[in-house]
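Q: Could you take me on a close look at the aromatic pairs in this model, and at what sits around them?

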Amino acid sequence: MDDSVKITFLGAAGTVTGSKFFIETAEKNILVDCGMFQGLKELRLQNWNDLPIDVGKVDVVLLTHGHYDHVGYLPRLLKQGFQGTIVGTAPTLSIAEIVLLDSAKIHEEDAEKANKEDYTKHDPALPFYTKLDVDRTIRKFQVEMPNKWIFLSDNMSYRFQSNGHILGSTFIEININGKRFVFSGDVGRINDYLLESPKKPEWADYLFVESTYGDKLHPKNDVEEELSEIINETIHKHGNLIIPSFAVERLQTLVFLLWKLYKQNKIPNIPIFVDSPMGTNVLKVFKQYSKWHKLSDSEYEAMCNHVNIIQSYKETWETIDDNRSKIIIAGSGMVTGGRVLTYLQQLIDQRSTTILLVGYQAEGTRGRLLKEGAHEIRFYGKYYPVKATVKSIDSLSAHADQYELLDWMNNIMNVPEKVFLIHGEPTALDALRLKLKNIFGWNATIPKLFDEETIRMYSFSD
């Protein structure tokens with residue numbers, strides 16, 4: 001039987017966020033990831049548009065991991081008619097549940113605040129989705145184990161393989177009529193503090209690989225030395241160190257590092273406040289899935305006991321009013337929302353404040369503006385002058401750099417028929433394209449948003 005596979009690039013094409021890849025076949029239709037666009041306004045506005053596909057024909061959603069830009073659109077998918085199942089590893093689905101419930105709460109609170117304070121063009125401002133929408137979504141979750149082939153039909157199967165990006169994260173191999181489609185997800189680091197190094201694919205007829213740091217090598221700087229120096233400088237000027245942090249993985253890594261630095265007498269016993277309900281919940285997921293990370297039970301307990309977990313908004317204000325030098329870890333990592341804005345609202349105009357960025361800052365985010373030296377940033381409808389010192393530690397990233405991406409691909413035994421570079425900004429995509437040609441002799445394609453690719457193939461019955 002002559003057949004074809006059609007791929008539609010619904011996100012993370014020519015940009016980093018909004019991962020969604022629709023695979024149509026005669027037997028089953030798969031959506032790989034279902035994430036939200038973040039960053040530039042023109043991208044964020046895409047979130048409000050229905051997907052340009054028949055969502056009711058999607059049989060299954062396969063999730064590489066639980067980050068917002070890979071799962072955040074799921075409740076909207078249901079609103080557009082999705083009736084199938086949502087499949088991932090157990091930690092991925094636990095994290096996805098936390099991320100979706102947290103984002104629904106923020107959507108509801110933001111809409112309420114915008115209406116109350118009248119800084120919206122919409123009358124009224126509506127939440128993107130609600131907790132009830134998330135509850136409906138969670139009921140469709142289905143856990144599958146890694147390293148196990150799952151059959152969707154006679155000629156289609158898939159397998160999750162750990163890729164070391166965050167707890168439970170994977171790349172996905174999909175066999176369709178004897179051809180293997182490999183979706184990298186977000187590839188992790190070779191020597192991560194908390195996770196094992198990524199597994200590597202050994203065969204890929206069609207390869208879809210992320211390119212977030214496709215043009216960069218992470219600095220070889222000593223992260224612990226850099227972090228302790230920044231903390232000690234903050235103490236010296238009697239200030240506050242504010243670390244906007246991704247709630248999933250980065251926050252847990254920071255808690256581990258700060259505990260380790262204190263234990264090694266590299267920093268004093270400075271108060272550390274963790275103000276991220278989502279990050280706190282993910283800490284609990286680490287305890288639940290202890291076989292998925294490298295921490296021992298005793299290390300986990302010790303590092304959690306070393307920090308102060310903020311439980312309420314009242315405690316947020318008490319922390320701001322606390323005159324001691326302190327470290328505050330708060331979401332969100334790209335300063336797009338969350339509790340960190342409350343701290344910045346009160347402390348960003350003080351020269352004694354230091355803001356430490358510890359992850360990728362997408363184009364169009366406040367984090368990117370801060371990193372590039374903006375003299376003011378806007379949130380809650382107002383502009384706030386930036387008098388704080390802004391620093392960054394790029395080597396804490398949970399994304400593989402160019403070298404690590406190439407290393408992840410070097411076990412592939414065949415020459416892929418097609419390589420698609422996704423999840424990257426234009427310069428990163430092009431740099432990795434040139435490297436793949438130079439090192440492996442592979443010709444890579446850089447798809448644009450909503451591009452379609454039809455692949456002709458033949459089933460076993462031919």
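A: Happy to! Let's begin with tyrosine 158 and phenylalanine 160, which are both buried (under 20% relative accessible area, with exposed over 50% and partly exposed in between, using a 1.4 Å probe and protein chains only). Please keep in mind that this is a predicted model, where local features need pLDDT of at least 70, side-chain atom pairs count only at pLDDT 80 or more, and totals for chains, interfaces and linings use all residues. Residues are numbered from 1 along each chain as its sequence is written, and side-chain values use heavy atoms, with hydrogens and water left out.

The structure holds 19 aromatic pairs; rings of Phe, Tyr and Trp (its six-membered ring) pair if their centres lie within 6.5 Å, and planes under 30 degrees apart count as stacked, over 60 as edge-to-face and the rest as tilted. One of them joins tyrosine 73 and phenylalanine 128, a tilted pair at 6.3 Å centre to centre with 50° between the planes. This pair links distant parts of the chain, 55 residues apart: tyrosine 73 lies in the loop between α2 (68-71) and α3 (74-79), and phenylalanine 128 in the loop between α4 (90-117) and α5 (131-138). Helices here are DSSP runs (H or I, at least four residues), numbered from the N terminus. Tyrosine 73 and phenylalanine 128 are both buried.

Each of these two rings also has a charge over it (NZ of Lys or CZ of Arg within 6 Å of the ring centre and within 35 degrees of the ring normal). For tyrosine 73 the charged end belongs to lysine 20, 4.9 Å from the ring centre; for phenylalanine 128 it belongs to arginine 76, at 4.3 Å.

Methods: Helix = DSSP H or I, 4+ residues; strand = E, 2+ residues; numbered from the N terminus.
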